[in-house]
Amino acid sequence: FPQKKLRVCVATCNRADYSKLAPIMFGIKSHPDDFELEVVVLGSHLIDDYGNTFRMIEQDDFDIGSKLHTIVRGEDEAAMVESVGLALVKLPDVLQRLHPDILVVHGDRFDALALATAAALMNIRILHVEGGEVSGTIDDSIRHAISKLAHYHACCTRMAEQHLIAMCEDHARILLAGCPSYDKLLLTHQRGDYLDIIKSWLGDNVQEGNYIVALQHPVTTDIQHSIKIYGLMLDALLSFDKKTLILFPNIDAGSKEMVRVMRRKGIEQHPNFRAVKHIPFEQFIQLVCHAGCMIGNSSCGVREAGAFGTPVINLGTRQTGRETGENVLHVRDADSHNKIFHALELQFGKRYPCSKIYGDGNAVPRILKFLQSIDLDEPLQKTFCFPPVKDSISQDIDHILETQSALAIDLGGTNLRVAIICMKGSVVKKYVQPNPRTFEDRMSLILRMCRDAMKDAVCLNCRILGVGVSTGGRVNPQAGVVLHSTNLIQEWSSVDLRTPISDALHLPVWVDNDGNCAALAERKFGHGKGVENFVTVITGTGIGGGIIHHNELVHGSTFCAAELGHIVVSLEGPECSCGGHGCIEAYSSGMALQREAKKLHDEDLLKVEGVDMKLSEPITAAHLISAARMGNSKADAILNKAATALGAGIINILHIVNPTLVILSGVLASFYQAPVQRIISERALFSTKGTKVVTSDLEEPALLGAASMVLDYTTRRIY
């Protein structure tokens, strides 16, 4: 038998909720074999003063099954209550006729409360989008009331998910999806015609980044204060003297008075202002993306604007409870023209890192998968999960992209590697390409490989939280800049890695050098887990490493700490690649051993009597180790000197930072472990003789360390 289509009714009340619901509606419509879509339009969509915005739904080619005139005019508290009552009178007929399997409602509007109340009483399953959030107004009470009536939840942030769980909602019925509008927003914000859009709304003389978008709504619990703030905002914008696109407030109580204030100040006739009732969402996104600043108290300022790094000034208390990126400056007590004007001076024209707190562009596929997983035969009656509430990690619910993961990049001298790495340290998928020689080619390849990995991540059930980069050279991790490169990577000095990667992928980015990354990998996934003080020493082509002291990585005042390969163990030693003499790297690195092996080979001293050694070119450190094991005394002497130099250098480290543990990593680690342990026991001060030396078990320390920066710090707001 063919599977029954899921009959989904989407109800939209105004322009704001349609911008969140439209991507879901398009998604449902694009799967006609799985879903049957019904659209109900009510609320301010049908009011001329608010732009008759139901027309944009028709322009999007959706069949509107029912139009319900539910708004009682008056724009005061009583009118809002009467509007809820009118909707409750009209909705039962429509819901009975449509008989949906599930009703999708959005957000925190009074119209949505009427929808949820009617559906719950008529035993229709409800999916509530954007529940669990906190904004700091009466909207919170309405939003949480809808959540209590809803059977299923598609929320936008991890904190919202935690709130829903704390409100006793069943974790199995909560989907952490991200905001649906981000799906469209992250795809469309880089449209090439954005200048045409700016000019069509603001005039031909307006340049990108040189205008303001203003959108202020009434706070219904304090209407008089809302009107006062609105007047002060308009005064500040008049004084600031920049082109401003101002949208009319929504239909809540107090909006009529706010429009009167606007007209009293002559805003609609002022040459600097363009006052509009409605802008199509795709165009509005372009305008916000390229604005010099956004001001007001719209949720768009704290949500969508963060994805572009657009500076935002949030006035009053309407959004103060919401999670925000660092692009938002709050003026909670906006009681003077000067405060708002000063905020405009601080924010206008700035650019911030892109924030993806509210979504990653894949919300709709998750919601569709979630809808398909709903069992219509299970009991309709909600069950509440009362405290105690366990800490929620959404990692084993099939319909959530549950595996929190990082994108890790390792820039080596030979290869460029990108990997998807999950919270447990497993490499889900790895991509390897030869490292290009020029900066432009290298950056282009990094972005291409990352985009490929992000596409694969969706199919692999991985949620990418950020990007970690491990690179050779000296790095300023606070700025995400490579200061000086190693000789192995050309055109790689004074390079800002964070900005281009973050701008292209809309993800936070962390950068550190490969030695430090190896130490971070051990701290999170290896022998350093739970150890407060330890040192990682990489013994490979060169010698490097990282120091963990009191659980934190030591960077030093100029980010030059833990250059362990350049600890000097002899004043007259061999020349090092750094230009000095007698560094550990000049004795013990793979390059140093290869140099000594070539010398012996050139003098025909790498052979062993009675043993037929096939010395195929090129000669490497492996030939030297092999010859020593077969009894070549000269090879053995070189290796003893190399191990002694490394041991002496590590003893210096023990006497300076006194770690509990030394972890050797890299291709030569297993060879050096025993002799270094012996040298420490013979030569170190008594208090450090017992320091244990172990060999790393991690196969990919650089990639794992890069991933650990993301997985440990993605909840922080400052990069």
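Reply: Happy to! Let's start with the largest nonpolar core, which has 61 residues. A nonpolar core is a set of buried Ala, Val, Leu, Ile, Met, Phe, Trp, Tyr and Cys residues joined through side-chain atoms within 4.5 Å; buried means under 20% relative accessible area, exposed over 50%, and partly exposed in between, using a 1.4 Å probe and protein chains only. The residues with the most contacts inside this core are Met 233, Ile 246, Ile 295, Leu 315 and Leu 344. Helix H9 (residues 223-240) gives the largest share, 10 residues. Helices (H or I, at least four residues) and strands (E, at least two) are DSSP runs, numbered from the N terminus. Domain 1 (6-179 + 362-373) and domain 2 (184-347) both supply residues to this core, so it lies between them.

A word on the source: this is a predicted model, in which local features need pLDDT of at least 70 and side-chain atom pairs count only at pLDDT 80 or more, while totals for chains, interfaces and linings use all residues. Residues are numbered from 1 along each chain as its sequence is written, and side-chain values use heavy atoms, leaving out hydrogens and water.

Now zoom in on Leu 315. Not counting residues up to four places away in sequence, Leu 315 touches Gln 216, Ile 229, Met 233, Ile 295, Gly 296, Asn 297, Val 331, Ala 334 and Ile 340; contact here means heavy atoms within 4.5 Å. Apart from the core we began with lies another one, of 38 residues, including Val 535, Ile 547, Leu 606 and Ile 638.

Next, the wider layout. Besides domains 1 and 2, the protein has domain 3 (397-514) and domain 4 (527-697), with bounds that come from an automatic or database domain assignment. Between the centres of domain 1 and domain 3, taken over C-alpha atoms, there are 39 Å.

An open sheet of 5 strands runs in the order S24-S23-S22-S25-S26, with mixed pairing. Two strands pair if DSSP finds at least two bridges between them. At the edges are strand S24 (552-553) and strand S26 (692-695), each pairing on one side only. Strand S22 (residues 534-539) and strand S23 (residues 543-549) run antiparallel, joined by 6 bridges, and Ile 538 faces Gly 544 in S23. Helix H21 (residues 633-657) packs on the sheet, where it touches S22, S23 and strand S25 (661-665). The direction of H21 makes about 160 degrees with that of S22; axes are lines fitted to C-alpha atoms, for helices over the stretch in contact, and angles run from 0 to 180 degrees between N-to-C directions.

S14 pairs in the parallel sense with strand S17 (residues 462-471) over 8 bridges, and in the antiparallel sense with strand S15 (residues 415-422) over 7 bridges. S14 and S15 form a hairpin with 3 residues between them.

Finally, the cysteines. A search of the whole structure finds 0 disulfides, a disulfide being a pair of cysteine sulfur atoms within 2.5 Å. The sulfur of Cys 293 is 12 Å from the closest cysteine sulfur, in Cys 300, which is too far for a bond. Cys 293 is buried, with a relative accessible area of 0%.
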